Amino acid sequence: MVELELTVNEKTYKLEIEPDERLIDVLRRRLGFTGTKEGCGEGECGACTVILDGRTVNSCLVLGVQAHGRKIITIEGVGDRRRPHPVQRAFVEEGAVQCGYCTPGMVLSAKALLDKNSDPSPQEIGVAMSGNLCRCTGYDKILRAVQRAAREVSGK
Amino acid sequence: MTSVIGSRAVREDAWGKVFGQAKYPADVNLPGQIYGVVLRSPHPHARIRRLDVRKARELTGVAAVLTASDVPHNSHGVLFRDQPVLVSERIRMVGDPLVAVAAESPETAREAARLVEIEYELLPALFNPEEAMRPGAPALHPEVHGESNVLYHLPVVKGDLAKGWASADVVVEQDYSTQMVDHAFLQPEAVLAQVDERGHLVVQAATQYPHYDRGEIAHALGIKVSRVQVKTLSVGGSFGGREDISLQLVAALLAYRTLRPVKMENSREESFYSHCKRHPMTMHYKTGATREGKLVAMEARIVGDAGAYASWSPNILRKAAIHATGPYEIPNLRVDSYAVFTNNPWTGAMRGFGAAQPVLAYESQMELLAKKLKISPVEIRLRNMFRTGSTTATGQALTGSVGLEECLQKVAPFLWKEGDRE
Amino acid sequence: MKKRGTGLSCTWYGTGYGNGFPDVSSAFVEIHDDGTATVLTGAVDVGQGSSTVFAQIMAEELGLNPEDILVCSGDTDVTPDSGTTAATRQTYNTGNAVLKAVRQAKLRLQEFAARKFSCPSPEGIEFKEGMIGVRGDPSRSMPLSELVWEARLLHGERFISAASFTAQTTPVSLENGQGAPYWPYAFGCQAAEVEVDTETGTVRVLKIVAAHDLGRAVNLTQAEGQIAGGVAQGVGYALLEEVELTEGRIKNPAFAKYLIPTALDVPEIESMIVEEPEDTGPYGAKGLGEPAMLPTVAAIINAIDAAVGVRITALPATPEKILAALAEKERGGSGD
């Protein structure tokens with residue numbers, strides 16, 4: 001076992017984990033952040049996306065120890081029913097949610113994009129979201145939702 | 001107030017999903033839970049000569065190692081119950097479940113599964129439906145389905161084919177084939193099963209049909225339906241791939257035997273092996289039309305690979321036959337549709353359910369006929385398409401809503417006409 | 001060189017279990033003291049939106065908002081069996097069961113209200129924006145919540161109901177396939193515009209125009225969502241996806257090797273809803289789930305032919321197959 005200290009959604013946790021334990025397992029099993037989903041275990045589907053020091057990563061490909069001393073945002077740290085993030089509101093209002101399994105990863109990828117670039121082109125949105133697979137929606141309403149959120153964030 | 005019907009009402013679970021609060025089966029846990037895994041066959045067709053689970057049982061942290069003899073009624077299946085919960089003797093496909101293990105951690109359960117010793121007698125396997133349907137091919141399901149591997153055959157016959165071909169000015173004939181595909185829903189199968197304070201077996205799962213699952217669990221374990229609760233949590237897509245029962249049966253069995261909550265989660269690779277696939281089909285089509293572009297005759301032979309178990313195959317190949325003409329009136333026809341057992345992964349329900357594969361064939365045939373007749377793709381369809389009052393290949397009169405022509409009229413302007421290019 | 005073309009495809013789809021198999025859905029309804037309501041069905045919402053559809057049906061009948069309806073589904077301890085979420089059957093079948101059930105409870109409410117407001121017939125009672133009263137006479141109406149409360153406390157009346165709906169089909173003959181195996185049928189038509197790279201054999205789907213006759217769209221957003229999702233699965237089926245087998249073993253049981261469409265693979269999608277109402281459906285609805293993906297494959301295959309003059313007859317239309325077909329055409333082989 002090794003010691004791990006990391007910040008998740010602005011709260012610091014100290015715990016012991018296995019040296020080969022994946023970040024997704026630390027988040028889901030040890031800390032209970034089950035909004036982070038596992039879809040493929042090989043970094044292809046993006047369901048396990050979290051934001052690590054401002055950048056999206058597939059938490060199934062990151063070791064827990066690699067997050068030592070770093071800041072993580074999971075879906076649980078992005079808005080709530082009283083104060084939804086613009087991306088979350090846009091996903092609901094555009095009808096971008098169907099089965100919902102890809103949704104947390106999608107929301108985090110969109111948030112990370114808009115945090116850096118509040119006025120992305122449709123092409124930039126497509127590229128930013130292309131690491132997150134969805135099998136239900138055909139992406140149509142997801143891409144529209146990100147555009148809508150971008151308009152709100154940029155005030156255009 | 002405007003009507004609620006036809007509105008853009010927001011789906012009731014959308015907020016819970018954007019906040020990551022929606023609970024899928026992998027997201028729920030119970031104190032004291034153990035973790036189940038399934039050991040699956042690496043061989044497509046084999047007999048189990050010897051199965052020794054002693055080393056697996058002796059591993060520290062193992063709560064149960066179960067084999068076929070531990071299943072009271074070892075069968076399930078949507079139509080025939082021809083699929084074992086755990087194989088007792090004859091393996092029919094790669095991925096057939098052989099042994100169920102539960103342990104204090106998923107890692108220990110997987111380690112125990114590796115300690116199971118199995119000796120196989122490998123049997124010649126059938127991978128090609130055409131070969132499997134030949135007389136003399138070894139029967140894959142003699143006990144349930146008899147000596148032939150042809151699980152289902154439906155002929156659809158209408159009119160007078162000889163007259164039809166005689167009146168055809170143009171004929172196109174072509175082979176088509178579609179591939180095996182996976183549902184690839186994003187959420188791999190997962191389940192949490194427990195015997196609760198009432199003594200009832202409670203199974204939390206993502207399924208398309210909890211009442212069916214309840215019946216299969218009650219049957220396999222030999223307990224009453226009123227003692228089994230299947231509770232559906234959020235379902236991460238299904239598309240037909242969650243119709244046959246999956247991990248629910250094994251988890252229920254492990255929980256019932258150990259009296260501890262049992263959690264099971266498929267990896268993506270395990271998911272590929274633990275649900276059905278879309279039927280690959282080969283389709284031979286011959287279609288004839290008059291100079292005016294009226295369809296007058298069609299013959300089609302459709303063969304679907306059912307894989308190792310029946311699942312919904314008869315219904316799917318029936319649906320393929322019924323829909324084989326496409327949405328067009330053809331007065332003279334014969335369609336023969338077959339579902340055939342092989343030792344490939346089993347095939348079953350997937351969005352479109354047998355009506356998806358023939359589209360490639362019948363809509364290609366329409367295009368080829370239009371070319372030969374030098375009429376537009378829109379025109380040939382308008383001359384033959386179903387309208388209210390049309391009769392289908394099975395003699396069914398379409399008395400109600402048939403909105404196809406309006407669909408075509410809406411789409412047609414988008415198609416390029418001669419000379420639109422460059 | 002990159003060449004473009006368009007292609008067309010029309011399809012049909014018989015919904016429901018079909019073939020005379022008893023296709024039954026059930027629903028339980030309870031109207032609460034505060035004028036909200038609960039509906040229980042076994043129907044599972046797998047993401048397609050059936051629970052929202054049931055909330056809308058309840059709300060429409062009772063003059064409420066969908067948010068006022070609790071939809072409880074898919075729990076065998078509490079909900080009745082509503083059949084499987086498959087066969088494009090939940091809006092039609094369970095939708096009909098919900099409609100039938102809520103109308104039973106509603107009729108008893110109407111009878112109670114007719115007595116209270118001295119209205120000659122229950123049909124004269126309407127539900128509107130949370131109010132219940134005599135049609136066309138706002139002076140004789142009251143909040144639904146007050147009426148339900150009053151009915152229970154002063155008269156011991158309860159507004160609960162249960163109903164089942166069974167779709168009607170007949171089995172086909174095993175001799176000649178004749179029969180009426182499905183009802184109702186949904187229809188669809190899609191056009192695809194593709195760009196084929198003749199050097200690499202890759203196909204890019206630029207646009208899909210999709211028109212689908214679903215009888216009646218209960219929820220427009222969800223109907224569009226079904227169409228776009230169906231188109232994406234059709235694109236995967238036409239161009240990308242294949243479970244590859246060697247001796248019955250899956251060679252590619254992973255998303256790294258089993259490719260499904262990403263946000264960059266799906267085209268612009270223009271969906272058009274055609275509403276040819278079906279008499280037996282709830283508000284005329286038939287269904288859309290499976291039909292949405294049916295036409296895409298052939299529209300793409302026909303568009304590839306229009307673009308580069310080769311006919312792909314074996315799915316998926318991979319770059320290798322397209323290059324081989326183009327080479328065959330060069331050699332003067334039979335194009336089709």
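A: In chain C, the centres of domain 1 and domain 2, taken over C-alpha atoms, are separated by 38 Å. The model is a predicted one, in which local features need pLDDT of at least 70 and side-chain atom pairs count only at pLDDT 80 or more, while totals for chains, interfaces and linings use all residues. Residues are numbered from 1 along each chain as its sequence is written, and chains are lettered from A and ligands numbered from 1 in the order in which they are written.

Domain 1 of chain C comprises 2-14 + 183-330, and domain 2 of chain C comprises 23-166; such bounds come from an automatic or database domain assignment. Where these domains touch, domain 1 of chain C contributes 16 residues and domain 2 of chain C contributes 13 residues. Two residues are counted as in contact if their C-beta atoms, placed from the backbone, lie within 7 Å. On the side of domain 1 of chain C that touches domain 2 of chain C, there are 8 nonpolar, 6 polar and 2 charged residues. In this classification Ala, Val, Leu, Ile, Met, Phe, Trp, Tyr, Cys and Pro are nonpolar, Asp, Glu, Lys and Arg are charged, and the others, Gly among them, are polar.

Chain C also meets chain B, in a contact that takes 97 residues from chain C and 93 residues from chain B. Among the elements of chain C that each supply at least two residues to this side are strand S1 (2-14), helix H1 (50-62), strand S9 (185-197) and helix H4 (220-240). Helices (H or I, at least four residues) and strands (E, at least two) are DSSP runs, numbered from the N terminus. S1(C) gives the most to the side of chain C that touches chain B, namely 8 residues. By class, that side of chain C divides into 48 nonpolar, 30 polar and 19 charged residues.

C:Leu323 belongs to helix H6 (residues 319-330) of chain C. C:Leu323 is partly exposed, because 17 other C-beta atoms lie within 10 Å; a residue is buried with 20 or more other C-beta atoms within 10 Å of its own, exposed with 12 or fewer, and partly exposed in between, the C-beta atoms being placed from the backbone. Between C:Leu323 and C:Val310 there are 13 residues of separation in sequence and 9.6 Å in space, C-alpha to C-alpha.
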